[in-house]
Amino acid sequence: MAVGLPENVFLTKLDAAANWARSNSMWPMPFATACCGIELMATAASRHDLARFGAEVMRFSPRQCDLLIVAGRVVMKMLPVLQRIWLQMPEPKWCISMGACACSGGVFDTYAVVQGVDRFIPVDMYVPGCPPRPEQLIAAVMEMQAKVRRTGTIMGKEFMARDTPMGPEPFESEERYRIQDANLVQLGGFSAAMTQAGLNRGAGKNG
Amino acid sequence: MVELSVLQQKFGTELAENSFRDNRRVDVPAAKLFDLLSSLKSDHGFDMLIDLTAVDYLEYEGATDRFGVLYMLLNVTSGERLIVRTAVNLPDPKLPTVYSLWRGCDWLEREVFDMFGIVFEGHPDLRRILMPEEFTSFPLRKDYPLKGRGERHNFPVITRAGS
């Protein structure tokens, strides 16, 4: 097959070309609710310079983003907002959960704080730390780029298989009993059906 | 400095005074609360409401009432401070609002209502201020579990396939 290609032409797959382009121009949506947001800002600032990885274009509209960075604790009043932002982002989209609070609730094991955003939105990358250093976030972004190059397709259909949230166990047994008790006393306005769904999710793993 | 005896002459001997370090505190029955506060403002110059908060005395040693509601007052001219405490009980914890005396009590009373379920009658806009509207409990009550009753997990799960 001696096809004479010029030296400045090479052949590739469209997916590979698209993934290369996507991975090098990740536009983050900064969902910064706490101190992790400060580290996120530091990561984007001159010293650590997220622009080296093509991810410096922080967009404050989810419509223009493809990488959601959840930086900080998310409380139950904020979670519907987070979910709406995730739904508003166009495909293909990815999510980094930054810091202990976003990953697991951190030290805030209280009535109002969601114990890990991965229970309610899909998460691709977890960054540990309280808060993580900018280097850790950069490492996560690079890891994210590798993942995009490895798995990304035009329709994002590789994510279809992931239909269950990953991460920690949804409920600890103690909490399950509290929910059961609450259901027994039948609080007015409390959505029993939703809790029931939560119970079923937890029951498979804990009970 | 406002003397307790002066207040007692006007509002009866149920008024008690106690103190902790530099804080003077006057206990008053809920029925006389508004009159006392209004007199403190107009006759004794306590023109600023510093803070308004509540305490749940459930299982507190020696406590007779369920909730204590505290009004921290400041006389801006003389710098004198005074804490007025009153008690309310279940099942119907109710107090008159002091909105007509200090406008600043607006959000403070909403917060106490949100966290303890104490209703301030006559408040112009008594809604929850911190918790979501659909929340049904009062989280700072001592009989409310620290980790909640599962409200924090009461959300739909969005999956990759579903978004």
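Which strands of chain B does helix H2 (residues 33-44) of chain B lie across?

Tutor: Helix H2 of chain B lies across strand E4 (67-74) and strand E5 (81-88) of chain B. H2(B) runs at about 170° to E5(B). Such angles run from 0 to 180 degrees between N-to-C directions, with axes fitted to C-alpha atoms, for helices over the stretch in contact. Contact means that two C-beta atoms, placed from the backbone, lie within 7 Å. Helices (H or I, at least four residues) and strands (E, at least two) are DSSP runs, numbered from the N terminus.

Two ground rules first. This is a predicted model: local features need pLDDT of at least 70, side-chain atom pairs count only at pLDDT 80 or more, and totals for chains, interfaces and linings use all residues. Residues are numbered from 1 along each chain as its sequence is written, while chains are lettered from A and ligands numbered from 1 in the order in which they are written.

Now the sheet under the question. Chain B has an open sheet of five strands, in the order E1-E2-E5-E4-E3, with mixed pairing. Strands E1 (16-20) and E3 (48-56) of chain B stand at the edges with a single partner strand each, so one side of each has no neighbour in the sheet. From one strand to the next, the twist averages 25°. Two strands pair if DSSP finds at least two bridges between them. E1(B) and strand E2 (residues 23-27) of chain B are joined by five bridges and run antiparallel. Within that pair, B:Glu17 has B:Val26 as its bridge partner.

Helix H3 (residues 105-116) of chain B lies across E3 and E4 of chain B. Its direction is about 5° to E3(B).

Next, the cores. A nonpolar core joins buried Ala, Val, Leu, Ile, Met, Phe, Trp, Tyr and Cys residues through C-beta atoms within 7 Å. Buried means 20 or more other C-beta atoms within 10 Å of a residue's own, all placed from the backbone. The largest core has 42 residues. A:Leu67, A:Leu68, A:Ile69, A:Val70, A:Met98 and A:Val117 have the most contacts inside it. Apart from that core lies another, of 25 residues, among them B:Leu73, B:Val84, B:Leu95 and B:Phe113. B:Leu73 falls in E4(B), and B:Val84 in E5(B). B:Phe113 falls in H3(B).

For contrast, take a helix of chain A. The buried residues of H2(A) are A:Cys36, A:Glu39, A:Leu40 and A:Thr43. These cover an arc of only 105° around the axis, which puts them on the same side of H2(A). The arc is that of the directions from the helix axis to the C-beta atoms. An α-helix has 3.6 residues a turn, so residues three or four places apart point the same way. The buried residues of H2(A) pack against E1, E2, E3, H4 and H5 of chain A.

Last, confidence in chain A. pLDDT is the predictor's confidence in each residue, from 0 to 100. Chain A averages 80, and 74% of its residues score at least 70. Strand E2 (residues 67-71) of chain A is highest, at a mean of 93. Helix H7 (residues 192-206) of chain A is lowest, at 45. The pLDDT is below 50 over residues 186-194 of chain A, a stretch with 10 contacts in the model beyond near neighbours in sequence.

Key
Buried ≥ 20, exposed ≤ 12 C-beta atoms within 10 Å, placed from the backbone.
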